[in-house]
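Could you walk me through this model, piece by piece? I'd like a guided read of its strands, helices and charged pairs.

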Amino acid sequence: MKRSQLVVLLLFIALVVILFVDFDVKGDIPTAPKKKLPNQPGIVLTFDDDYVDTWYNAEKELRAYNWKATFFICKYSAFTPEQKEKLHYLQNMGHDIAGHGYNHENAVKYAAQYGIDTYIKNEILPLKEIMRKDGFDIKSFAYPDGARNSQLDKRLLKYFDFIRGTTYGELRPDAQYCYYENKRVIYGLGIDEDYEQFNLEYYKSLLLYAKKHNKIVIFYGHKTVDKVNDRLETPIGLLKQLCAFAIENNLKFYSVDDLKNLEK
């Protein structure tokens, strides 16, 4: 075989090999996984206790913002059929229904007097069961009065994906504890009008810090009202301004249950 013919033959063989690899083997070659995009900074709005009637009204007023909230329920055994229907409505609108104790007992005081096992037996298990029967699978829990300790956290995390405590005061945004930090114990900052840190501009500064540093701010309130007349009341006007500010700054609304699906 002449040298020129050998060269042509070798080139032909090389071409066949390339085509074979490209069309028949290429699919079996592992490719590098796509890099996940960072989680979108955002806001978690949570509300405690049994004010389902006022939350139902707030949902009507805030629906235009396409908001999302998590409602931590206590004293569910006293709910009327109408209130249960309203709670189902909130769930159907995309909000998260969570737990706040069967009788709203202070967990630290109760456990110190009767033991953690008794607290779980009387405050956690009955709440999960009675709400499960009505179609509410509660996956997170907020401590009544924000009272918690590490021993309670360890035990209750066997029953819930997330546990929410509380934080207080108008600290610098970089010193606050009300951000989601990829942990199952989270802390919310109060937005009821009687709290010392009640200040729309301060809340906005936390949201701007979250936007800049890719964080999620966690707030909590109680009874949502048009006009504040008592303790533990959150003005709907404040919520409208927070929702509008979040949208303006491209901050996402999250429920507590959403947090488990975020990139770690």
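Predicted model: local features only at pLDDT ≥ 70, side-chain atom pairs only at ≥ 80, totals over all residues.

Residues are numbered from 1 along each chain as its sequence is written, and side-chain values use heavy atoms, with hydrogens and water left out.

Six of its six residues are buried, so E7 is largely enclosed by the rest of the structure. Buried here means under 20% relative accessible area, exposed means over 50%, and partly exposed is in between, using a 1.4 Å probe and protein chains only. Ile-216, Ile-218 and Tyr-220 point one way from the strand, while Val-217, Phe-219 and Gly-221 point the other way, and all are buried.

Who are the neighbours of E7? Strand E1 (residues 42-49) runs parallel to E7 and is joined to it by six bridges; two strands pair if DSSP finds at least two bridges between them. Within this pairing, Phe-47 sits opposite Gly-221. Strand E6 (residues 185-190) also pairs with E7 in the parallel sense, over two bridges, and here Gly-190 has Tyr-220 as its bridge partner. To get from E6 to E7 the chain passes through helix H7 (residues 200-213), and this β-α-β crossover is right-handed. That label applies if, with the strands pointing away from the viewer, the path from the first strand over the helix to the second runs clockwise.

Tyr-220 deserves a stop of its own. This E7 residue counts as buried, at 3% relative accessibility. Not counting residues up to four places away in sequence, Tyr-220 touches a list of residues including Thr-46, Asp-48, Arg-164, Tyr-168 and Tyr-195, where contact means heavy atoms within 4.5 Å.

Two of those contacts lead us to the charged pairs. Side chains of opposite charge can pair when their charged atoms come close. Counting a salt bridge as a side-chain nitrogen of Lys or Arg within 4 Å of a carboxyl oxygen of Asp or Glu, the model has 15 of them. Arg-164 and Asp-48 form one, with the closest N and O atoms 2.7 Å apart. Arg-164 lies in strand E5 (residues 162-167) and Asp-48 in E1, so the pair ties together parts that are 116 residues apart in sequence. Both Arg-164 and Asp-48 are buried.

Compare that with Lys-240 and Glu-61, whose salt bridge has its closest N and O atoms 3.2 Å apart. Lys-240 is partly exposed at 28% relative accessible area, and Glu-61 is partly exposed at 30%. Then there is Asp-194 with Arg-231, a salt bridge at 3.8 Å, N to O. Asp-194 sits in the loop between E6 and H7, and Arg-231 in the loop between strands E8 (223-225) and E9 (233-235), so parts 37 residues apart in sequence are tied together. Asp-194 is partly exposed at 36%, whereas Arg-231 is exposed at 56%.

Now over to helix H4 (residues 107-114), whose buried residues are Ala-107, Tyr-110 and Ala-111. Seen down the axis, they fall within an arc of 95 degrees, so they line one face of the helix; the arc is that of the directions from the helix axis to the C-beta atoms. These residues pack against helices H5 (116-133) and H6 (150-156), while the face turned away carries the exposed Lys-109, Ala-112 and Gln-113. Just after H4, Gly-115 takes a positive phi of about 100 degrees.

Last stop: Asn-249, in the loop between H8 (236-248) and strand E10 (252-254). Asn-249 is buried, with a relative accessible area of 10%. Leaving aside neighbours within four places in sequence, Asn-249 is in contact with Leu-208 and Lys-211.

Note on methods: Helix = DSSP H or I, 4+ residues; strand = E, 2+ residues; numbered from the N terminus.
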